[in-house]
Amino acid sequence: MAALPSTSARRPRIAWSALLLSLPALLVVLVLFIYPFIFGFNLSLQDVDGSGPTLVNYSSFFSDPAQIDTIRITFTVALPVTIFTLAICTPLAYFMRQGVKFERLITILLILPMTLGTVMVAQAMERYFGPVGWFNQLLLWLHLLSSPINMLHNWLGVEIGLFILGFPFVFLLLVGYMSSINPDMEKASRMLGANIWQTFWRVVFPLSLPGIMVAFCLNFVANFGVFATDQLVGDPAGATHVLSVAAYDAFSNNNWPQATAISLIMGVLELLVVVLILWLRGWIVRGSVIGGVKGA
Amino acid sequence: MEAIQKLQMKGVTRRFGAATALDHFDLEIAGGSFVSLLGPSGCGKTTALNCLAGLLELSEGEIILNGRAIQHLPAEKRGFGMVFQNYALFPHLTAFRNVVYGLELRRVNREERARRVKKALEIVHLEAFEKRYPAQLSGGQQQRLALARTIVLEPGLLLLDEPLSNLDANLRNEMRIEIKRIHDELGLTTLYVTHDQSEALSLSDLVVVMRLGHIEQLGTPQEIYTRPRSLYVANFMGYANQLPVTVVENSNQECVVRTAAGDELRGVSTVEGSRAWQPGQQVLASFRPDETRSDFKDSGNRLRGKVRLVEYLGKAYEALVDLGKGGQQLLVHSPVALDSGAEIEFGIARARLLLFPPENATPASSAAMAPRAEESAIEGRR
């Protein structure tokens, strides 16, 4: 009896404490995201000598074919490796879910590269994939190659590096998402006559698609902003002159406004891709998986 | 689909680590019959079902369909259909697409697919809902959709894993009749897993009562209900009253026993080896509360006691009766209202008083798990 009025009286207080509790997070967002964004946006509208506001940084970027080409290069670096990583991780996550032997051990081995830094991965890649690395030596020994292939300091090097670094994240994300799918769904599919691949394509894949798309977004954004891997195992001056490298070059020339403008262009492009993917995802989810509200 | 003439499970054993969920399970299912596996959770009934379906590998034993061993066939090659407890409908597909799923995999042509899906949806009365997604259907509709998805393939064997346990009581009765109707209409050989004795009794040709991974008793519903061969099965069939008694005389036809209060009762035993019982032996007399009578003139067995609690069940009153000496309490049904505190006399037919040897290792779960036709708070209190 006494509980009723007190809960209604407590209601506004809950809102206050909730607000109070979210204050630190709000502060972090303000300090680490909103402020730098406004600061950066403002900076990108200045000329190198501090005068402005001006659109010169944007106009110079978009009037230079070499600069515009960095956009194409960044996409050709980020998109293939993102698609490849998801194409590898999705079936792998599905089969790990089937309950293979040593599941835990395999999972640990698969996600271990996450604990290595970019530099360690790059060093390891020099050993494995360099001209005298094990990989080339093996292929030569097997007579699959007549001369070593160049796998480092080019487009392929960046792709391999990004795959090694991105794989654990994507794999973990997908394993987590797929484990939320009721395993009876797969059993039901098999009882209806589907083999393991048909079950994957017809049931598990469509049900995982929202999760796959989120993983795609996160991995794509990380790959789009590639810098360290590009510097260490890519060709930052030529074939893999990506946007972040262009921004870094401007920064090195003490042209902060230009560098900021490039990173904002980068951000907008990432945002466009993410919005596109999330819009597709929302369309899929609305269309089917959640299937509207539960009937009466 | 290959029609079943005879399906045999021979010595089927399944272990999970050190635990044996199913222990040398033998069962023979005749084509067209309706068989129920009945038991509390953990008795191995779902394990048996999954082994038969091909969703679990056997640790030992074989499964023989029409004389051919099939235990090594994967689930999708056995041609059996299964309805899951939580239905496992595909949420991203409409009702139509859920039902057509198996037909598409079998490469049935388009016209035939449409015709068969339409027929299956008609059988379960869902023809108006083919464009809905599972989430837009009610629980009962989802259940019927799961059934339609399976029967559209005309499976050799229909496996039902507690299909009614997620439905409310009204819907449960309705769906029970539906399942019976569909079974009779299509003549599908059916294996039904349940922990509900009333479902098993009302649907089945053959009831298999399971306990700790083996078969405790196997028989027609009538046999299981009227002649349970162990205290465990009796418990499960609602023989809620258990009265410790001493054997006085043991003849071929019946057994005379004496209660702690000194009353002499006559009963029968369905237990093997009961012929050898000697006078003086301690046994348990068991009977169903709803088989007690107030007109005991010709029943011979008469008991007296004081009413402690009365509960109205609808078709009868159920009373908790204190026998006095010995402190025994029994559940008794009466067609007329009883007053708490009143002294009453009641009877039980000789043929309905069953005698069992006391079980040394009565599993703690068996009493708690014994469901009865009528739910009773008194029963829960005991």
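Me: What share of the contacts in chain B between residues at least 6 apart in sequence join residues at least 24 apart?

Reply: In this predicted model, that share is 68%. A pair counts as a contact if the C-beta atoms lie within 7 Å.

Me: What makes β1(B) and β2(B) a pair of strands?

Reply: Pairing requires at least two bridges between the strands. Strand β1 (residues 6-16) and strand β2 (residues 19-30) of chain B share eight bridges, therefore they count as paired, and the sense is antiparallel. One of the bridges joins V12(B) to F25(B) in β2(B). In the hairpin of these strands, two residues lie between β1(B) and β2(B), and G17(B) has a positive phi near 65°.

Me: Why is β4(B) also called a partner of β1(B)?

Reply: The cut-off is again at least two bridges. Strand β4 (residues 60-65) of chain B forms five bridges with β1(B), so the two strands pair, in the antiparallel sense. Within β4(B), E60(B) stands opposite T13(B).

Me: What percentage of chain B counts as buried, and on what basis?

Reply: A residue is buried if 20 or more other C-beta atoms lie within 10 Å of its own. By this criterion, 41% of the 382 residues of chain B are buried.

Me: Which residues and elements make up the contact of chain B with chain A?

Reply: Chain B gives 25 residues and chain A gives 23 residues. On the side of chain B, the elements that supply two or more residues are α2 (75-78), β6 (80-83) and α3 (95-105). That side has 16 nonpolar, six polar and three charged residues.

Key. Residues numbered from 1 in each chain as written. Chains lettered and ligands numbered in written order. Predicted model: local features only at pLDDT ≥ 70, side-chain atom pairs only at ≥ 80, totals over all residues. Contact = placed C-beta atoms within 7 Å. Helix = DSSP H or I, 4+ residues; strand = E, 2+ residues; numbered from the N terminus. Nonpolar A, V, L, I, M, F, W, Y, C, P; charged D, E, K, R; others polar. Buried ≥ 20, exposed ≤ 12 C-beta atoms within 10 Å, placed from the backbone.
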